[in-house]
Amino acid sequence: MIVVAVVLMALPFVLFAYAYLVYPAILWIGTRSRRERPAPADPVEWPMITITVPAYNEAARIRATIESLLAIDYPTDRRQILIASDASADGTDDIVREYAAQGVELVRAPARVGKTGAENLASPAIRGSIVVNTDASIRIHPPAVKALVRAFADPTVGVASGRDVSVGDEEREGNRGESGYVGYEMAVRALETRLGSIVGASGCCYAARVDIQRTALAGDLARDFASALIARQKGLRAVSVFDATCVVPRAATLRAELRRKVRTMAQGLETLWSFRALMAPWREGSFAFMLASHKLCRWLVYLSLPLALVGLALGCVVEPRLLILAALALLALLAGLVTFAWPADRRVPLPLALTGFAVISAYSGVAAWVKFFRRQRMPTWEPTRRPTS
């Protein structure tokens, strides 16, 4: 029994070590023999692009979003701004219509269909050959769009993903752990790009060729993740563009972060399942290895956590000294609950914030797997109400 207990308890740690440490190390070793591709030059004529923003009840910030998009460094006669309203009911659509004279267009869903559904409905209105996707809470640096578009000078590129920079109150908020995770993720994508292709784009800001964007998806799939997989099916690559910076305000509380993580992980699992054929190594080669390592192995960490708890319970029966480990696990859980309930106007100590972030991430992952196995689809979404910037 003790052997079974140890194996079950070790499983999430082994998966975590592989997904977050060994896999990036393999990527790093692989890049040592690869020369960096030369930076693409500006095209003779910038292509027509469409910037799409799915929105649901964004009246509080859609004006600032549109103003920031109008200020992007890109020829005004070569860009279209398209707001896809998911049947907003708070005046969002009226604000968007105020900018019609400046080339901002509105596509409204007659009833709620979710983020991906709204993108599907907006697809026929797209006029650009390249589509830049972003969200209402994100602020794209003015030069970022040109940096994304330059990537498509390489005919093998089908998707170009921006570089997220997570910002927030570093002194007070309980979600400070998100910043470190985002930085780590961007570093992994940079390594994947040097080896050929990333396996998922940043939902905050990414661009895709129009035929990839117009591929209709089920409402419970994540288009940012799916776009890189569709590109692979078409024989194209997805890349991360370091100079395409976008600022991502963090959710100020773990409560808001919890909802976002459950939704994004559940949609990610559905997307991976839908494109599971791309994990066949005999056909997809290194891409299958990267997809399984970057996505599946990370999510398997959360699936193995309940098994680890079972193993811990079994171990405590035959080895009382394991009760110390059980006590530490319980202490971490309590720290997470304290951080989750922490008042938004009070400073969260950093050790508590990091522990809370880890616990909430673990809970979110387990909850996402439960939804996946129960086939609980999540097509509609409540956008993360990040602080306005």
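Visitor: Where does alanine 87 lie?

Guide: Alanine 87 lies in the loop between strand 2 and helix 3. Elements here are DSSP runs, with helices as H or I of at least four residues and strands as E of at least two, numbered from the N terminus. The model is predicted, so local features need pLDDT of at least 70, side-chain atom pairs count only at pLDDT 80 or more, and totals for chains, interfaces and linings use all residues. Residues are numbered from 1 along each chain as its sequence is written, and side-chain values use heavy atoms, without hydrogens or water.

The phi of alanine 87 is near 55 degrees, a positive value in a residue other than glycine. Alanine 87 is also buried, at 13% relative accessibility. (Buried is under 20% relative accessible area, exposed is over 50%, and partly exposed is in between, with a 1.4 Å probe and protein chains only.)

Asparagine 57 also has a positive phi without being glycine, near 50 degrees. Its place is the loop between strand 1 (49-55) and helix 2. Asparagine 57 counts as partly exposed, at 22% relative accessibility.

The side chain of aspartate 73 meets that of lysine 146 in a salt bridge, 3.5 Å from N to O. (A salt bridge is a side-chain nitrogen of Lys or Arg within 4 Å of a carboxyl oxygen of Asp or Glu.) The partners differ in setting. Aspartate 73 is partly exposed at 38%, whereas lysine 146 is buried at 15%.

A salt bridge joins the side chains of glutamate 98 and arginine 63, at 2.8 Å from N to O. Glutamate 98 is in the loop between helix 3 and strand 3 (104-108), and arginine 63 is in helix 2 (residues 62-70), so the pair links distant parts of the chain, 35 residues apart. Arginine 63 is partly exposed, with a relative accessible area of 36%.

The structure holds 17 salt bridges. Glutamate 185 and arginine 189 both lie in helix 6, four residues apart, about one turn of the helix. Their side chains meet at 3.1 Å, N to O. Glutamate 185 is buried, at 6%. Arginine 189 is buried too, at 7%. Salt bridges with shared partners join Glu185, Arg189 and Arg298 into one network.

What about the cysteines? There are zero disulfides in the structure. (A disulfide is a pair of cysteine sulfur atoms within 2.5 Å.) Cysteine 204 has its closest cysteine sulfur in cysteine 246, at 5.2 Å, and that is too far for a bond. Cysteine 246 is in no disulfide either, with the nearest cysteine sulfur, that of cysteine 205, 5.0 Å away. Cysteine 204 is buried at 11%. Cysteine 246 is buried at 0%.

Two pairs give a sense of scale. Valine 4, in helix 1 (residues 2-31), is 310 residues from leucine 314 along the chain, yet their C-alpha atoms are separated by 8.4 Å. Valine 4 is partly exposed, with a relative accessible area of 46%. Proline 143 sits in the loop between strand 5 (139-140) and helix 5. Proline 143 is partly exposed, at 47%.

Last, the confidence. The protein averages a pLDDT of 88, and 92% of the residues score at least 70. (pLDDT is the predictor's confidence in each residue, from 0 to 100.) Confidence is lowest in helix 12 (residues 323-340), with a mean of 80, and highest in helix 7 (residues 210-213), at 97.
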